[in-house]
Amino acid sequence: MAMTLTIPKLEMSMVEGTLAEWVAADSSTVSEGQVIYILETDKTARDIEAPMAGTLIHKAAAGETYEVGFEIGEIV
Amino acid sequence: MAIVNEGNLGIEPKVLTEIYRQMSRIRAVDKAVQAGLSAGKFMFSYWPMTGQEAIPATIAQLTSSRDYMITTYRGIHDQVAKGVGLDGLFAEMLGREDGINKGKGGSPHISDPSSGSMLTTAIVGAGAPIANGLAYAAKSRGEDRVTIVNFGDGATSIGAIHEAMNLAGVWKLPVIFLCQNNQIGEYTAIPDYTASKDFASRAAGYGFKGVKIDATDVAGFYREMKAVIEEVRAGNGPIFVEASTFRLGPHAGVGDNKNVAADVLAAAKEAWALQRTRTLLAEAGVCTAAELDAMDSAAQAEVDAALAMASASRVTPATETLIDVYADVDTVPRRGHYPMRADEIVPVGEPRQMMMFEAVAEAQDIAFARDEGVFLLGEDVGEPHGGVFGTNRGLQTKYGDRVRPTPIAETAIIGAGIGAALVGMKPIAEIMFVDFAGVCLDQIANHAAKQRYMSGAQTHVPLTIRMMIGGGMGGFGAQHSQSLEAWLTHVPGLKVAIPSNPYDAKGLLLSCIFDPDPCIHLETLMGLRGTKGDVPAGDYRIPLGVAKVRREGTDISLISYGWQVQQCLNAADELAKEGISAEVIDLRTLVPLDYHRVLRSVKKTRRALVVHAAVEFCGFGAELASTINEELFSTLKGPAIRLGAEYAPIAYARDIEMNQVPNAGSIAARVRAAMQQYK
């Protein structure tokens, strides 16, 4: 079962977020709970953990700001 | 393998296993929510309770679905352990129609009476006053149910907790105030918001026991909670429990708690009861690794299935918008929808002359005699005064403990009324002056008014609130003379009645008491002590939402309510001498509002003036005038107009007060001007 990764809405006021850094490399194997990328909002930087184990596919570049809901990757 | 028993574990092995099973279920739910949120799979507000699982998991072993629970928005762990079905819980969090509350409450507003989860509030501290009402209902019905109200340490700073604890102490209610002290109130940690060394010691100030228990030690927490619950169940009054725990997550969202130092968080993770209990069960030989894995897998499978079911459920459609605001959807005011409700059946009882305060007392007497669930609570409602205005005279003598004088604590009064109403009682809460609505408006507007809707009609609040309105008498000053009905009519979910005479007061109040929705019965002082009239004996009801023509006329409709109706009638007498024929409409109820009869009258007279004692600006008259203008634009000789009090606090000086509030003279003057202008 694959899981799509999109920019989450983690604060009521959040409309966009910056994918500051991919901590886990493209096509790497990740375990559930492992930090995979860092998300920056106007308030804070957060470690985003892998919601499931699998192979991480990057679909968006780091250093860019995306709207909430924008697809940035997938775990397959 | 060593023989494991209660002696060396400090708790029966079977019980500890069951506590772990619940913790595992809670953890699986928490992880699924956080995974879905961080992946962007779904989006909703979530306040993680990671780290606090042991508290409800332990309590679940000591209570049943018969016991009542109230919790807060950070309460998904409480819901899971209480027995709320995961299918309905996930569907609710996702806003789906198969949600336990039809998706209308969402994660911060779960209500599931079948499991005993009675109400979940997103207003910090507001659950405690309501818990008192649940506990009062159980106690007065002779039931051995225990009510547990959960709140965070942050809630200990707010007044509602103080009012609730004081009332629970004086009434010796079977309620447990369960403070889940996770060391931080939203983003501000202890000691930045309190100088208190602990919270448990505060209970002594209210005359009952407070205990502080380490909730990361499951065996110890179980033992102490067992004693607490047994003592409260036995009828020995309330207990305050400070359950020490730690919030491992943020206030809202996903991940770690970033508001505490890294070493503090690391230590808290070490002490996390979830992991420690798992290790203890394995090391003590109570469960094999395979058995523990099986429990975790079963929890995961249950969560996966629930999430799949919830995701497949339809998003609650917009066609649901007006459903569950009230029991009857026709109560909802809607543009273009003006149902005609049948007028009252003329009562046959022998009439007797009385003042309005006597009519109010008689209505309550009838309600008390008719239904065991009716009771009255409020400040000074007992003898010898029978309420400061005598509206309850004789009731305490006749009905004893069903008349409950309270501390001076309006939030506690309304909260207790809401809680008792949630489980089918029919409380009458007396708030001495409507001016005090400000100190209990959260209970009225956020809880009584919204509970039917937020619970998707799983519960409702058949509560009657009686409030006196000053004004026009002189001498009460700015804080005891306001007409605040527009505050109340602006909140969907409340019904508001305001009688102008003793006959209506009795019939409207009886309708309110037996209505399934929260009703506010506004009693003007000018009416209570100033109007006398014939009141038939026995039970009769004036339907809510039926206006009355008090005087027929052809030139203008004067639309009013409460004691201003009499001012309009006096003005009409004056105007008749000048050849102006004014029709006077008494609304009697503001919600539901009888637009049918109002529009019928104005269609005939083609002029309308709305009169009220409240300030004119943004007053209830603006709503009426606007709708009349919109519906009858082409019929009217001129626009519907308003006359309310001038925009100033009510003055103490008599001449100012009498001048600023409409009276027969000023009403007649406004009518004359309108007749001149709109020929």
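A residue counts as buried here if 20 or more other C-beta atoms lie within 10 Å of its own, as exposed if 12 or fewer do, and as partly exposed in between, with C-beta atoms placed from the backbone. Helices (H or I, at least four residues) and strands (E, at least two) are DSSP runs, numbered from the N terminus.

A word on the model before we go on. It is predicted, so local features need pLDDT of at least 70 and side-chain atom pairs count only at pLDDT 80 or more, while totals for chains, interfaces and linings use all residues. Residues are numbered from 1 along each chain as its sequence is written, and chains are lettered from A and ligands numbered from 1 in the order in which they are written.

**Chain B as a whole**

Chain B has 24 helices and 22 strands. Its C-alpha trace spans about 105 × 55 × 45 Å along the principal axes. The radius of gyration, taken over C-alpha atoms, is compared with a globule rule of 2.2 Å times the number of residues to the power 0.38. For 679 residues a compact globule would come out near 26 Å, and the 28 Å of chain B agrees with that. Buried residues make up 55% of the 679 residues.

**Strands and their partners**

Two strands pair if DSSP finds at least two bridges between them. In chain B, six strands form an open sheet with parallel pairing, in the order β2-β1-β3-β4-β8-β7. At the edges stand β2 (117-121) and β7 (209-214) of chain B, each with a single partner strand, so one side of each has no neighbour in the sheet.

| Strand | Partner | Bridges |
|---|---|---|
| β4(B), residues 175-181 | β8(B), residues 239-244 | six bridges |
| β21(B), residues 608-615 | β22(B) | four bridges |

Within β8(B), A243(B) is the bridge partner of Q180(B). In β22(B), L643(B) stands opposite V611(B).

**Nonpolar cores**

A nonpolar core is a set of buried Ala, Val, Leu, Ile, Met, Phe, Trp, Tyr and Cys residues joined through C-beta atoms within 7 Å. The largest has 202 residues, and those with the most contacts inside it are L134(B), I176(B), F177(B), V241(B), L558(B) and L609(B). Helix α2 (residues 13-38) of chain B gives the largest share of this core, nine residues. Apart from it lies another core of 13 residues, including L19(A) and V30(A).

Two residues are in contact if their C-beta atoms, placed from the backbone, lie within 7 Å. Leaving out residues up to four places away in sequence, L558(B) touches L609(B) and V611(B), among others.

**A buried glutamine**

Q482(B) sits in the loop between β13 (464-469) and α17 (485-489) of chain B. This residue is buried, with 23 other C-beta atoms within 10 Å. Beyond residues up to four places away in sequence, Q482(B) touches V434(B), D435(B), G471(B) and I650(B).

**Where the chains meet**

The contact takes 18 residues from chain A and twelve residues from chain B. On the side of chain A that touches chain B, β1 (3-6) and β5 (45-49) of chain A each supply at least two residues.
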